[in-house]
Amino acid sequence: MLGRDTSRSYQEFNGEDCAGPLGSYQNNDVSEVEHDEASCDPLPDEDAVDGSLMPIGFNKACLKNVFIVILVLIYLLLTTVAVFLAYQTISDFMEKLNHPVMSVSYKEVEEFSAPGIALYPGKAQLLSCMHHYHDNIPPLVASGGLEEGNCITEDVIYHGPYSNQTQKRAVVVRGPTDVRNRELIFLQFSRNETEEDFSAISYMIFASFNDMLKSSDKAAFMMDCERNYSMWTFSGGFRTWVKMSLVKTSGRGNESVEFRQESSVVKYIDKRPPLEQANELFFVVFQWRDPFIQQVKDIVTANPWNTIAILCGVFMALFKAADFAKLSIKWMIKIRKRHLRAKMRELDQMS
């Protein structure tokens with residue numbers, strides 16, 4: 001009995017002594033087993049993880065590619081606009097260069113250089129040529145008769161510039177110069193008969209009377225004047241008052257002189273006897289209109305420096321756009337290669 005109790009108590013003591021360590025050991029084993037079981041739980045599928053992460057990366061890459069494509073399109077559009085701007089700038093420059101703007105200015109003078117007045121009387125006779133001042137023409141003393149004059153004249157005979165068979169006689173008169181004192185020249189012609197259909201005398205005004213006097217070949221000089229200047233006429237039985245103005249035009253390396261005129265006509269009251277009225281009378285007055293010379297110049301408004309600056313800016317923008325497009329394309333190719341390498345890596349892992 002004693003031995004049985006002792007063994008039982010021993011067993012109980014051992015049980016009590018070992019209960020703690022054993023229990024703790026057993027608990028540790030259980031926790032380790034549980035930890036192992038927990039650690040041995042199957043991991044989530046890598047394909048599933050890659051499948052869940054790849055659309056996000058792929059969407060970002062697609063967005064970046066789309067964004068780059070849009071930027072490239074924008075820069076292409078800007079490049080097109082820059083090219084059009086360069087073309088338009090060059091076109092405007094050439095248009096302004098070929099079509100200069102006319103600039104008109106007025107120069108006031110004290111007196112003009114004496115113009116030459118070439119009259120073609122035909123069968124008419126020059127009766128008088130007088131200088132007067134201040135718009136004052138005295139009454140005719142001997143109407144239809146010869147009078148003493150104070151004009152400087154020169155007779156020139158030459159062939160017409162358009163027909164060598166036509167011979168012309170010109171009475172060249174030195175024109176008025178003193179515009180301040182309103183100098184004028186009053187000429188009177190008489191003609192007994194005419195074979196022409198209209199009763200008129202032609203005249204021409206050219207730049208310088210002194211150039212004609214100094215010319216060694218006056219006939220050739222008058223031919224050139226007839227080519228370059230306009231012809232005018234005044235009728236018989238009237239007093240034609242011609243007011244001249246001088247216009248100088250310069251541009252493209254040449255200079256020209258033009259005479260513009262305003263004329264007024266007054267009917268002559270013929271008081272001669274009826275027999276003398278068969279001789280038709282012509283009266284003409286030449287005078288400067290005002291003391292101003294109209295100067296017309298061709299001005300090129302195209303500014304080459306402005307055009308060069310615009311073109312430099314355009315070309316810089318083109319180079320920048322080309323550089324950006326090149327870098328964008330390289331970046332797209334790099335992203336594409338990286339994506340392909342990742343795809344090949346995934347396929348190798350799956351195989």
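A disulfide joins C129 to C151, with the two sulfur atoms 2.1 Å apart. A disulfide here is a pair of cysteine sulfur atoms within 2.5 Å. In general terms, this is a covalent bond between the sulfur atoms of two cysteines. A search of the whole structure finds 1 disulfide, so that count rests on the 2.5 Å cut-off.

Before going on, a word on the source. This is a predicted model, in which local features need pLDDT of at least 70 and side-chain atom pairs count only at pLDDT 80 or more, while totals for chains, interfaces and linings use all residues. Residues are numbered from 1 along each chain as its sequence is written, and side-chain values use heavy atoms, with hydrogens and water left out.

Back to the cysteines. The link of C129 and C151 is left-handed, with -90 degrees about the S-S bond. When I say strand or helix, I mean DSSP runs numbered from the N terminus: helices are H or I with at least four residues, strands are E with at least two. Are C129 and C151 buried or exposed? Both are buried. Buried means under 20% relative accessible area, exposed means over 50%, and partly exposed is in between, using a 1.4 Å probe and protein chains only. Among other cysteines, C225 is buried at 6%, whereas C312 is partly exposed at 41%.

The loop between β3 and β4 also holds H134 and D135. H134 has a phi near 60 degrees, which is a positive value in a residue other than glycine. The phi of D135 is likewise near 60 degrees, again positive and again not in a glycine. H134 is exposed, at 54% relative accessibility, and D135 is partly exposed, at 33%.

Next, the sheet. In what order do the strands of the open sheet stand? There are 5 of them, in the order β4-β5-β2-β7-β8, with antiparallel pairing. From one strand to the next, the twist averages 30 degrees. Two strands pair if DSSP finds at least two bridges between them. β7 (residues 200–206) and β8 have 5 bridges, in the antiparallel sense. Within that pairing, M204 stands opposite M231 in β8.

A200 is also in strand β7, and A200 is partly exposed at 22%. Leaving aside neighbours within four places in sequence, A200 is in contact with R191, T233, F234, S235 and F282. Contact means heavy atoms within 4.5 Å. A200 and P121 are 79 residues apart in sequence, and their C-alpha atoms are 8.5 Å apart in space.

Helix α4 lies across β2, β4, β5 and β7, and runs at about 80 degrees to β4. For such angles, axes are lines fitted to C-alpha atoms, for helices over the stretch in contact, and the angles run from 0 to 180 degrees between N-to-C directions.

The last topic is charge. Side chains of opposite charge can pair when their charged atoms come close. A salt bridge is a side-chain nitrogen of Lys or Arg within 4 Å of a carboxyl oxygen of Asp or Glu. How many salt bridges does that rule give? The count comes to 9.

One of them is between K168 and E226, at 2.3 Å from N to O. K168 is in strand β5 and E226 is in helix α4 (residues 218–228), so this pair ties together parts that are 58 residues apart in sequence. K168 is partly exposed, at 22%, and E226 is buried, at 8%.

Another is between R180 and E110, with the closest N and O atoms 3.4 Å apart. R180 is in the loop between β5 (167–174) and β6 (184–191), while E110 is in the loop between β1 (101–108) and β2 (116–120), and the two are 70 residues apart. R180 is partly exposed at 38%, whereas E110 is exposed at 55%.

R289 and D290 also form a salt bridge, at 3.2 Å from N to O, and R289 is partly exposed at 37%. Finally, salt bridges that share partners join E108, E110 and R180 into one network.
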